[in-house]
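Visitor: I'd like to learn how to read salt bridges in a model. Could you walk me through them?

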Amino acid sequence: MAADPKLTSVGKPKIGGGVFRAPAGTTLPTDASTALGADFVNMGYVSDDGVVNSKTRENTEVNAWGGDKVRDLQTKKTDTFQMTFIEARNTEVLKAVHGNDNVTEANDMITIRENSAELDRAVWVIDEIMNDGYIKRTVIPDGKVTEVGDVTHKDDELLGYQVTISAYPFTDYGGDTHREFIEEE
């Protein structure tokens, strides 16, 4: 197959938001185009850094007698997604960052409790528009916010929550940590 510049693409969020979250156990989408179910909530704007998917494989080098390298044994594989949510008053973002039970909204006031409670595992979906009429959907069937970056409070920078979502092997996916679907719109 010859190189084809038409196969290159950028990934932009779908209009109205590109990142969605649903409770663990929610029915998973199986393509890029079917509308998401009502349990999926829009996480709002993500910073212009976009979404970064890091796939890390750690290996242990095995050497033969005499020092020749004969094999690498994979000892660890991680799959994470990093993004910065910039809607600082979006209660769904706040629940992902602080825990579902730690965020309440009543009488036009949001209350956030900060504590050491374990954060909730969830289903995450990232929807993108690619070039030339294609769309892409990334489905993380079992993901959890495992890191929250520093939150900077200053008058010339948006409040934002940089999160790292760890994707775990999912039994119904045959142990896959996420799946990607690309199709014509």
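Visitor: How many salt bridges does a search of the whole structure find?

Guide: The general idea first: side chains of opposite charge can pair when their charged atoms come close. This is a predicted model, and searching the whole of it turns up 9 salt bridges.

Visitor: Which residue forms a salt bridge with Arg121?

Guide: That's Asp142, with the closest N and O atoms 2.9 Å apart. Arg121 sits in strand β8 (residues 121-129) and Asp142 in strand β9 (residues 134-148), so the pair ties together parts that are 21 residues apart in sequence.

Visitor: Is Asp142 buried or exposed?

Guide: Asp142 is buried, at a relative accessible area of 15%; the cut-off for that label is under 20%.

Visitor: What about Glu61, which residue does it form a salt bridge with?

Guide: Look at Lys69: the closest N and O atoms of the two are 3.9 Å apart. A salt bridge needs that distance to be within 4 Å, so the pair counts. Glu61 is partly exposed, with 45% relative accessible area, and Lys69 is also partly exposed, at 48%.

Conventions:
Residues are numbered from 1 along each chain as its sequence is written. This is a predicted model: local features need pLDDT of at least 70, side-chain atom pairs count only at pLDDT 80 or more; totals for chains, interfaces and linings use all residues. Side-chain values use heavy atoms; hydrogens and water are left out. A salt bridge is a side-chain nitrogen of Lys or Arg within 4 Å of a carboxyl oxygen of Asp or Glu. Buried means under 20% relative accessible area, exposed over 50%, partly exposed in between (1.4 Å probe, protein chains only). Helices (H or I, at least four residues) and strands (E, at least two) are DSSP runs, numbered from the N terminus.
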